[in-house]
Amino acid sequence: MIAHSDTSIVTIDRFIIEQEAKFPEATGELSGILYDLAVAAKMISSKVRRAGLIDILGAAGSDNVQGEHQQKLDVIANAIITKAMDHGGRLCAMASEEEEGIIAIPPQFKCGKYVLLFDPLDGSSNIDVNVPVGTIFSVMRRVTPGTGHGKLKDMLQSGVKQVAAGYVIYGSSTMMVYTTGRGAHGFTLDPSIGEFLLSHPDIRTPNAGKYLSVNDAYERYWSEPVRALMRRYRGLDTQHDPMNVRYVGSLVADFHRNLLGGGIFAYPANTKTPNGKLRLLYEGNPLAFICEQAGGAAINGRQRLMEVVPTELHERAPLYIGSKNEVEMATRMLETDR
Ligand code: AHG
Ligand code: MN
Ligand code: MN
């Protein structure tokens, strides 16, 4: 249960503090990371809200009216998170979908015991057509000893090792959803006061799915078991009620809708991309942690996604994520796909 009085307004800061108070051993470091991430999310949100104006103020690659160089929003989002998170003394390294190697903590700042992995702007190609985009993040405890810089080994941990994860959706409103392993909680940004307010405590995802999200332009590259599974979701083999197909093409937006409404998002392996497209560490694992905390499930087609041991920072993994019944169906029907 959520420990706050029902009649009061709960800001994300207050919620984080109240959650932390339940653990006498907590040092407040993880709370600090979440708090800083919420600040970064507000900054990215304000940039995303001005996205359509970039053409007016100066297109990417050119200089704007103030003579400043315009950057693409995913580069801007990457810089915002890096700058918001590098100096708190809580992280020993970061990694981003936008950067090839580990992002080191600058030498003037202290290193801490956590690592942060993130997708700064998910679905960024949708920005140009005014469709929701998001940010995804994952926090793990370092495994290398000491207080120096974090190493690759600290990043290459399976998803079950995550201590916190979440996403921000820049949709019709901006929302942040996070978990520290005690349920998944959602906060909506009130732009008039610049605060995230608790709007979706303890999210539970329905066991049965309403929505199917998959890009079936790849059908000809799928294996036969994947094709059969998708036919079943669509009710074509008469063994399942047809699900409604919804595909935004921004993982965060597709995932968020299905989390609240029930359903499954799939990015299967195909012959062109044998591990699918989505990144295990920046996209799959954090959303899998949220989904499991909300009563759902996530697999890579063969095993529980969060048990996959990564070997590369930018590793991709096929993804089936959402309502329990639908993910169980995928597990059963893909058994022959090995
Ligand atoms: P990103 O913008 O971070 O690179 O992610 C794009 C991803 C994800 O958001 C979406 O679900 C997927 O790409 C869509 O891929 P397809 O166009 O191949 O369906
Ligand atoms: Mn992405
Ligand atoms: Mn991205």
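# Cavity, pocket, sheets and domains

The largest cavity is lined by Leu37, Ala40, Ala41, Ile44, Ile81, Thr135, Phe137, Val168 and Tyr170. The model is predicted. Its domain assignment gives domain 1, residues 12–200, and domain 2, residues 211–337. There are two open sheets to describe: one has 7 strands, and another has 5 strands.

**Largest cavity**

- The volume of the largest cavity is about 40 Å³.
- The count of cavities of 30 Å³ or more comes to 3.
- Three elements each supply at least two residues of the lining: helix H2 (29–49), strand E3 (133–141) and strand E4 (162–170).
- H2 provides the largest share of this lining, with 4 residues.
- By class, the lining of the largest cavity holds 8 nonpolar residues, 1 polar residue and no charged residue.

**Second largest pocket**

- The second largest pocket has a volume of about 440 Å³.
- The lining of this pocket consists of 20 residues, of which Phe23, Ala26, Leu30, Arg141 and Thr180 are the closest to its centre.
- Helix H1 (12–20) and H2 are the elements that give two or more residues to the lining of the second largest pocket.
- H2 gives the most to this pocket lining, with 4 residues.
- The lining of the second largest pocket divides into 8 nonpolar, 6 polar and 6 charged residues.

**Sheet of 7 strands**

- The strand order in this open sheet is E1-E2-E3-E4-E5-E6-E7, and the pairing is mixed.
- Strand E1 (91–96) and strand E7 (195–200) are at the edges; each has a single partner strand, so one side of each has no neighbour in the sheet.
- From one strand to the next, the twist averages 20 degrees.
- Strand E5 (residues 174–179) pairs with strand E6 (residues 184–190) over 5 bridges, in the antiparallel sense.
- In this pair, Thr179 of E5 stands opposite Ala184 in E6.
- H2 packs on the sheet and touches E1, strand E2 (114–122), E3, E4, E5, E6 and E7. The direction of H2 makes about 15 degrees with that of E4.
- Helix H4 (residues 73–85) also packs on this sheet, where it touches E1, E2 and E3. The direction of H4 makes about 155 degrees with that of E2.

**Sheet of 5 strands**

- This open sheet has the order E9-E8-E10-E12-E11, with mixed pairing.
- Strand E9 (244–245) and strand E11 (297–299) are the edge strands, and each pairs on one side only.
- Strand E10 (residues 263–267) and strand E12 (residues 319–322) run antiparallel and are joined by 4 bridges.
- Phe265 stands opposite Ile321 in E12.
- Helix H8 (residues 280–293) packs on the sheet and touches E11 and E12. The direction of H8 makes about 30 degrees with that of E12.

**Domains**

- The centres of domain 1 and domain 2, taken over C-alpha atoms, are separated by 24 Å.
- The contact between them takes 46 residues from domain 1 and 30 residues from domain 2.

Key
Residues are numbered from 1 along each chain as its sequence is written. Chains are lettered from A and ligands numbered from 1 in the order in which they are written. This is a predicted model: local features need pLDDT of at least 70, side-chain atom pairs count only at pLDDT 80 or more; totals for chains, interfaces and linings use all residues. Side-chain values use heavy atoms; hydrogens and water are left out. On a 1 Å grid over the protein atoms alone, a cavity is a set of points where a 1.4 Å probe fits but cannot get out, and a pocket is an open set with protein on both sides within 12 Å along at least five of seven lines; lining residues have an atom within 4 Å of a point. Grid points are joined across faces, edges and corners, and a volume is the space filled by probe spheres set on the points. Ala, Val, Leu, Ile, Met, Phe, Trp, Tyr, Cys and Pro count as nonpolar, Asp, Glu, Lys and Arg as charged, and the others, Gly among them, as polar. Two strands pair if DSSP finds at least two bridges between them. Contact means heavy atoms within 4.5 Å. Axes are lines fitted to C-alpha atoms, for helices over the stretch in contact, and angles run from 0 to 180 degrees between N-to-C directions. Domain bounds come from an automatic or database domain assignment.
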